Amino acid sequence: MNNNISSKPITVLLVDDHPVVQDGYRRLLDNTPDIRVIAEAGDGESACLIYAECVPTVVILDLSMPGIGGMETIRRIKARDANARILVFTMHDTETLIMRTLEAGATGYLTKQGGIAQMVEAVRQVAQGKPFIDPKHVTNMATRQLFDSVEDPLRVLSTREFQLFQLFAEGRSVSEVAETLSISPKTVGVHHSHIMKKLGLENPTQLVRLAIRSNLIDS
């Protein structure tokens, strides 16, 4: 008998803007006896609303989505429910993003290159409130002692600044970022100035190049 299987199923909110991905992993999870997908969302705004309605055991969340994106979705869900258990499931496999999402409140991080068995294992572990990190990254992260600032220039940014850095790197303007995050353009402008100063950047092109070097966006 599998000791991981309890009488009460693990309920899941699946958040991904790719229907094919959603469908595939919904089938996988629904075919696992102790896991049940009870809701799905294609963007962060919808995910926050649905979470409040159904309060799932685990949220499986992509980072790259339209609208507020994954990082802001994590922040909003955790602001509503500090005990929320969020498993990030994404194509991006950089240690910088792993650490930042955990700092933002995620419980686990799994890349889409991982196998099916890893998904099930990750959901079960996160459901218990135990951190889960894609195994291939654990050794590297321990070796680098959770990212010495010399190796990772983005470590000088706060969690909020890192979130805005990502949005700027995607080419969003100050007004677009303000609208997306529902904050004032003045506040975004102040953050932008602090980010540029902390990183020693002079223009948007340098910011994008740094994001590419850090494997946060594709070249």
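Q: S158: what does 32% relative accessibility make it count as?
A: Partly exposed, because its relative accessibility is 32%. Buried is under 20% relative accessible area, exposed is over 50%, and partly exposed is in between (1.4 Å probe, protein chains only).
Q: What kind of model is this?
A: A predicted one: local features need pLDDT of at least 70, side-chain atom pairs count only at pLDDT 80 or more, and totals for chains, interfaces and linings use all residues. Residues are numbered from 1 along each chain as its sequence is written, and side-chain values use heavy atoms, with hydrogens and water left out.
Q: What is S158 in contact with, leaving aside neighbours within four places in sequence?
A: R100 and K198. Contact means heavy atoms within 4.5 Å.
Q: Switching to D81. Buried or exposed?
A: D81 is buried, yet has no salt bridge. That term takes a side-chain nitrogen of Lys or Arg within 4 Å of a carboxyl oxygen of Asp or Glu. The nearest side chain of opposite charge is K78, 6.9 Å away.
Q: Which side chain does the D81 side chain make a polar contact with?
A: That of Y51, at 2.6 Å. The D81 side chain also reaches the backbone nitrogen of N83 at 3.0 Å. A polar contact is a pair of N or O atoms within 3.5 Å; within protein, one must be able to donate a hydrogen and the other to accept it, and residues adjacent in sequence count only if both atoms are side-chain atoms.

Technical notes:
Lys and Arg count as positive and Asp and Glu as negative; His and the chain ends are not counted.
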